[in-house]
Amino acid sequence: MATLEVPQGLLDQYYAWHLRHRDLAGAEFLRFHCGFLGRLRGWHAAQPGYTGQGSLVRPWTAIPEELKTADTVAAIEKRFPDRDIGGWRPSWDDLEHKIAQEPDAYPTDAALGNAIEAFHGWVHYAAAAVYDDACLDDVAVAPKSTYFQQFHGLIDTWWARWKRANEPAGCASRRRQIVALQDQVRDLRRQIGDLNPQADRPAVN
């Protein structure tokens, strides 16, 4: 774990959104959090020490099992004695599996966002307790935690799977064609560079 010196402007964006939309889930929950994650990652990747922190912010592949144990309940009760947070609920196992493996079961991203929100807040508290993270449970500074990027990276992965599962017919094929063309253009640029190293190389998006 590392605590990042995230710019106050980013922290203010995160805090202000939660003040306005404290109880909002659904599609807006996904749009804001995944968009914010992109901005946070962009800032972080530009920092001098990022290379050594890459593994600390790699997205989770699932909610960590150590957050689902009896020890987690004890850690939560110790850290938040005045809050009735509880432990991981058995029904959330099925919910997490459905979100991860059956994205087409959700007809809209609003439905997906609502499903994720069922345990989103709980994960913030549980991870703060289990990993002794001073930031993750505080909306004013949560993005400073490297666990924030790991957890929200997982949510971003789930949303991306939903988009692929629900995209109009033909989009996947067209996307593969575009990627193949981009690869061809990059290969041509490399060949041109080998022939004339001094030539200007236009950017390829």
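Reader: Which helix is the place of F119?
Author: This is a predicted model, where local features need pLDDT of at least 70, side-chain atom pairs count only at pLDDT 80 or more, and totals for chains, interfaces and linings use all residues. Residues are numbered from 1 along each chain as its sequence is written, and side-chain values use heavy atoms, leaving out hydrogens and water. Helices are DSSP runs (H or I, at least four residues; strands are E, at least two), numbered from the N terminus. F119 sits in the run covering residues 109-130, and that is helix 5.

Reader: Is F119 buried or exposed?
Author: Buried means under 20% relative accessible area, exposed over 50%, and partly exposed in between (1.4 Å probe, protein chains only). F119 has 0% relative accessibility, so put it down as buried.

Reader: What does F119 touch, leaving aside neighbours within four places in sequence, and how far apart are the C-alpha atoms of F119 and W88?
Author: Contact means heavy atoms within 4.5 Å. With those neighbours left aside, F119 is in contact with I63, W88, W92, L95, E96, I99 and W158. As for W88, that residue is 31 residues from F119 in sequence, while the C-alpha to C-alpha separation is 8.4 Å.

Reader: At what angle do helix 2 and helix 5 pack?
Author: Axes are lines fitted to C-alpha atoms, for helices over the stretch in contact, and angles run from 0 to 180 degrees between N-to-C directions. Under 35 degrees counts as roughly parallel, over 145 as roughly antiparallel, 65 to 115 as roughly perpendicular, and the rest as oblique. Helix 2 and helix 5 are therefore roughly perpendicular. Their axes are 6 Å apart, and the angle is about 75°.

Reader: How do helix 1 and helix 2 run relative to each other?
Author: The axes of helix 1 (residues 8-20) and helix 2 (residues 26-45) come within 11 Å and cross at roughly 170°. That angle is over 145 degrees, so the pair is roughly antiparallel.

Reader: What is the phi of D132?
Author: Look in the loop between helix 5 and helix 6 (146-166) for D132, which is exposed at 54% relative accessibility. Most residues other than glycine have a negative phi. D132 is not a glycine, yet its phi is positive, at about 50°.

Reader: How many disulfides are there?
Author: A disulfide is a pair of cysteine sulfur atoms within 2.5 Å. C34 is buried at 11% relative accessibility, and C135 is buried at 9%. By that sulfur rule, the disulfide count is 0.
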